[in-house]
Amino acid sequence: MRRGRRVRVALAAALIAALGAACADSTDERPPGSGAAGPATPAGGQPKQARGAAGALAAYVERTRRAQAARARAVKKWGLAKMPLPAPPPPAVKPAITTRKGFETAGEGLPPVFTTVPTKEKVVFLTIDDGAEKDPALLRMMSELQIPYSAFLSDYLVKEDYGYFKKMRDAGVALHNHTLNHRYMPALSYKQQEREICGQQDNLEKRYGTRPPLFRPPYGNYNQDTLRAAKSCGIKAVPLWAAEAFPDRMEWREWDRDLHPGDIILTHFRGREDWKGTMPDMIRQVMKTVTAKGYAVARLEDYV
């Protein structure tokens with residue numbers, strides 16, 4: 001027991017030393033004899049475990065420092081107004097999701113429909129729909145800035161270039177269901193809706209190796225049959241949105257025209273043919289708004 005306690009104390013000391021070294025100003029140049037001394041070695045040396053831990057911690061701190069420096073360069077490269085705020089650690093237990101009041105159907109036990117994730121953290125979630133524009137700059141920008149987002153894909157657009165979205169998946173982006181053909185769901189029969197949703201589940205599994213748990217109906221429109229069909233296809237939740245992003249503006253669902261903890265932001269895969277700008281322009285607009293309001297972008301799948 002005493003030996004274990006000594007090792008823990010040594011590990012704590014190593015952590016403090018490593019963090020202190022990482023936080024020191026590398027531009028601080030003091031002449032010899034000014035009182036600046038190198039790290040002292042404890043009498044008798046450190047236990048082997050502590051020395052190994054100190055080295056690992058120092059390496060971790062150095063990797064973190066380099067990652068932060070790379071992100072700072074990316075912020076400048078991509079023209080963001082400010083450094084994006086870091087998201088807090090994911091919750092140990094995901095919050096219970098319920099259907100938003102006024103968005104219910106008559107059925108029970110159906111996937112919940114919501115626009116905001118219940119959380120007190122100042123985080124929002126970025127989601128991109130359909131797959132029409134396949135801008136390589138978006139992939140580079142989001143990877144270099146380390147901004148999480150989720151994609152809701154419609155096959156009739158994605159099939160033009162499945163490889164583009166494979167790169168997205170390989171970068172850690174979750175690919176979710178937005179139907180095969182982007183039809184207005186309430187106008188379809190139950191069987192037609194089931195084919196649209198289950199067919200896209202099959203396609204996403206075939207192309208990208210996953211049957212996603214999240215589904216967004218085209219245009220945000222659905223009925224009881226939509227949710228019944230979604231459940232039969234393995235869908236667990238139906239996230240809609242609280243705000244929508246464009247390259248030149250934000251549009252709001254809520255009366256106060258503001259962000260709230262857990263809000264879901266919608267945007268689309270679009271380019272200059274449809275927008276007053278590019279997808280990187282849209283991301284700059286989103287991040288300008290989100291960061292200025294004191295929010296971080298978090299990963300939706302960590303909460304839902």
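**Salt bridges**

I searched the whole structure for salt bridges and got 19. The model is a predicted one, so I treat every value below as computed.

I started with Lys-134 and Glu-160. Their side chains meet in a salt bridge, at 2.9 Å from N to O. I then looked up where the two partners sit. Lys-134 is in the loop between β2 and α3, and Glu-160 is in the loop between α4 (155-158) and α5 (162-170). The pair links distant parts of the chain, 26 residues apart. Glu-160 comes out at 57%, which means exposed.

Next I took Asp-202 and Arg-211. Here too the side chains form a salt bridge, with 2.6 Å from N to O. Asp-202 has a relative accessible area of 43% and is therefore partly exposed. Arg-211 is at 33% and also counts as partly exposed.

Then I checked Glu-301 and Arg-299. The closest N and O atoms of this salt bridge are 3.9 Å apart. The cut-off is 4 Å, so the pair still counts. Glu-301 is buried, at 11% relative accessible area. Arg-299 is partly exposed, at 34% relative accessibility. I also noted a network elsewhere: Glu-62, Arg-65 and Arg-66 are joined by salt bridges that share partners.

**Disulfide**

How many disulfides does the structure hold? I found one. Cys-198 and Cys-233 form it, and their sulfur atoms lie 1.7 Å apart. Cys-198 lies in helix α6 (residues 190-208). Cys-233 is in the loop between α7 (224-232) and β5 (238-239).

I computed the torsion about the S-S bond next. The value is about -90°, so I record the disulfide as left-handed. Accessibility came last. Cys-198 is at 16% relative accessibility and counts as buried. Cys-233, at 5%, is buried as well.

**Positive phi**

Most residues other than glycine have a negative phi.

Asp-130 has a phi near 85°, a positive value in a residue other than glycine. Asp-130 belongs to strand β2 (residues 123-130). Is Asp-130 buried or exposed? The relative accessible area of Asp-130 is 2%, so Asp-130 is buried.

Gln-146 has a phi near 60°, again positive in a residue other than glycine. Where does Gln-146 sit? I placed Gln-146 in the loop between α3 (136-145) and β3 (150-153). Gln-146 counts as partly exposed because its relative accessibility is 48%.

**Strands around β3**

I followed β3 to its neighbours. β2 and β3 run parallel and are joined by four bridges. For Ile-128, the bridge partner in β3 is Ala-151. β2, α3 and β3 make a right-handed β-α-β unit.

β3 also pairs with strand β4 (residues 174-177). The sense is parallel again, over four bridges. Leu-153 stands opposite Asn-177 in β4.

Which residues of β3 are buried on each side? In a regular strand the side chains alternate between the two faces of the sheet. I find Ser-150 and Phe-152 buried on one side of β3. Ala-151 and Leu-153 are buried on the other.

**Whole-protein totals**

The protein has eight helices and nine strands. Of its 304 residues, 43% count as buried.

For the surface, I got an accessible area of about 16,500 Å². Carbon and sulfur atoms make up 52% of that surface.

Terms used:
Residues are numbered from 1 along each chain as its sequence is written. This is a predicted model: local features need pLDDT of at least 70, side-chain atom pairs count only at pLDDT 80 or more; totals for chains, interfaces and linings use all residues. Side-chain values use heavy atoms; hydrogens and water are left out. Helices (H or I, at least four residues) and strands (E, at least two) are DSSP runs, numbered from the N terminus. Buried means under 20% relative accessible area, exposed over 50%, partly exposed in between (1.4 Å probe, protein chains only). A disulfide is a pair of cysteine sulfur atoms within 2.5 Å. Accessible areas come from the Shrake-Rupley method with a 1.4 Å probe; for residues, only the protein chains shown count as cover. Two strands pair if DSSP finds at least two bridges between them. A crossover is right-handed if, with the strands pointing away from the viewer, the path from the first strand over the helix to the second runs clockwise.
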